[in-house]
Amino acid sequence: MDMNAFSLKGKVALVTGASYGIGFAIASAMADAGATIVFNDIKQELVDKGVAAYKEVGIEAHGYVCDVTSEDAVNELVAKVEQEVGVIDILVNNAGIIKRIPMLEMSAKDFRQVIDVDLNAPFIVAKAVIPSMIKKGGGKIINICSMMSELGRETVSAYAAAKGGLKMLTKNIASEYGQYNIQCNGIGPGYIATPQTAPLREIQPDGSKHPFDQFILAKTPANRWGEASDLSGPAVFLASSASDFVNGHILYVDGGILAYIGKQP
Ligand code: NAP
Ligand code: GCO
């Protein structure tokens, strides 16, 4: 096999919400594989911090301020990137939020905000990049799904609804645009140590692990939280020509959580 199939040399990758966290790790890995990195964040301050963080690891990333829930802002971003950097070959819909609120206490406004960022925005950004991908002869779209694309749990109704919908949006984009050599797949991370999950890992006042931390370790055969870098290889694979016949697939990178009933107490 020609291992160059895993190269992203000459490709432009847009990773949304990638100043830090999972997006930063995925973008850095794609840069290591040869891609030119474009990322966005909501605030200029975070974009500047992100550009500096990429520079620290030797990556000249192109950072833009853009709220992915705004269709006008996203269309403006894509036009600017195409002008200043080049046509987007790889899109990673990574930007996301979570609100952990029991459903009966959750306002419709809060529910809608999570759906807006985690489901509507991936639709908006994919819709903005697909026309140029078609013109160019193909492209790669990777949606960052979740364990909650398959499972529910208390307090995450909006997030689970969004990530379940994102799984099906992934399959639908694959179905509708596969004929144009566009592959759309998902990555479903397990529990990854990032700012988003920091509240679930806080050390308790008595110095013990957070109950949720203990719960997740018992549910994970790998017996550890994932690191954002655990997603690097899967992301490069799905962004490369090595996965040209993989379409509509959700690749779970979860240490085995979805396969495991959980450790007997
Ligand atoms: P994170 O640390 O909270 O980072 C999320 C990123 O998205 C931040 O850079 C944030 O920017 C950005 N963002 C949020 N709303 C945005 C908007 N409207 N427009 C543009 N950027 C926006 O989260 P993470 O843990 O890295 O997660 C990244 C993705 O992986 C999310 O989709 C998440 O649902 C998913 N995921 C995470 C885990 C996990 O265990 N961590 C597991 C499965 C899936 P600001 O800082 O400006 O808000
Ligand atoms: C939660 C966590 C999870 C992770 C991730 C798991 O509160 O349950 O935040 O939702 O973020 O999505 O795959």
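Modeller: A polar contact is a pair of N or O atoms within 3.5 Å. Keep that cut-off in mind as we look at this predicted model.

Colleague: Happy to. How far is an oxygen atom of ligand 1 from a polar backbone atom of N94?

Modeller: The distance there is 2.7 Å. The backbone of V68 also takes part, with an N or O atom 3.1 Å from a nitrogen atom of ligand 1. From a side chain, Y159 brings an N or O atom to 2.6 Å from an oxygen atom of the ligand.

Colleague: And how much of the accessible area of ligand 1 does the protein cover?

Modeller: On its own the ligand has 900 Å², and the protein covers 92% of that. As for its place, ligand 1 sits in the largest pocket.

Colleague: Which elements give two or more residues to the shell around ligand 1?

Modeller: Look for helix 1 (21-32), strand 2 (36-41) and helix 5 (157-177). In total, 29 residues surround the ligand, with Y20, D41, N94, Y159 and T194 the closest.

Colleague: Let's turn to the rings. How many aromatic pairs are there?

Modeller: Rings pair if their centres lie within 6.5 Å, and the count here is seven aromatic pairs.

Colleague: Why is the pair of F6 and F237 called tilted?

Modeller: Planes under 30 degrees apart count as stacked and those over 60 as edge-to-face. The planes of F6 and F237 stand at 35°, with ring centres 6.4 Å apart, so this pair is tilted. It links distant parts of the chain, 231 residues apart: F6 lies in the segment before strand 1 (12-16), and F237 in helix 7 (residues 232-239).

Notes: Residues numbered from 1 in each chain as written. Chains lettered and ligands numbered in written order. Predicted model: local features only at pLDDT ≥ 70, side-chain atom pairs only at ≥ 80, totals over all residues. Heavy atoms only, no water. Near = heavy atom within 4 Å. Polar contact = N/O pair within 3.5 Å; in protein donor to acceptor, adjacent residues only side chain to side chain. Areas by Shrake-Rupley, 256 points an atom, 1.4 Å probe, with all protein chains shown as cover. 1 Å grid on protein atoms, 1.4 Å probe; cavity = no way out; pocket = protein on both sides within 12 Å on 5 of 7 lines; lining within 4 Å. Sits in = over half its atoms within 2 Å of the grid points. Helix = DSSP H or I, 4+ residues; strand = E, 2+ residues; numbered from the N terminus. Phe/Tyr/Trp six-rings, centres within 6.5 Å; stacked < 30°, edge-to-face > 60°.
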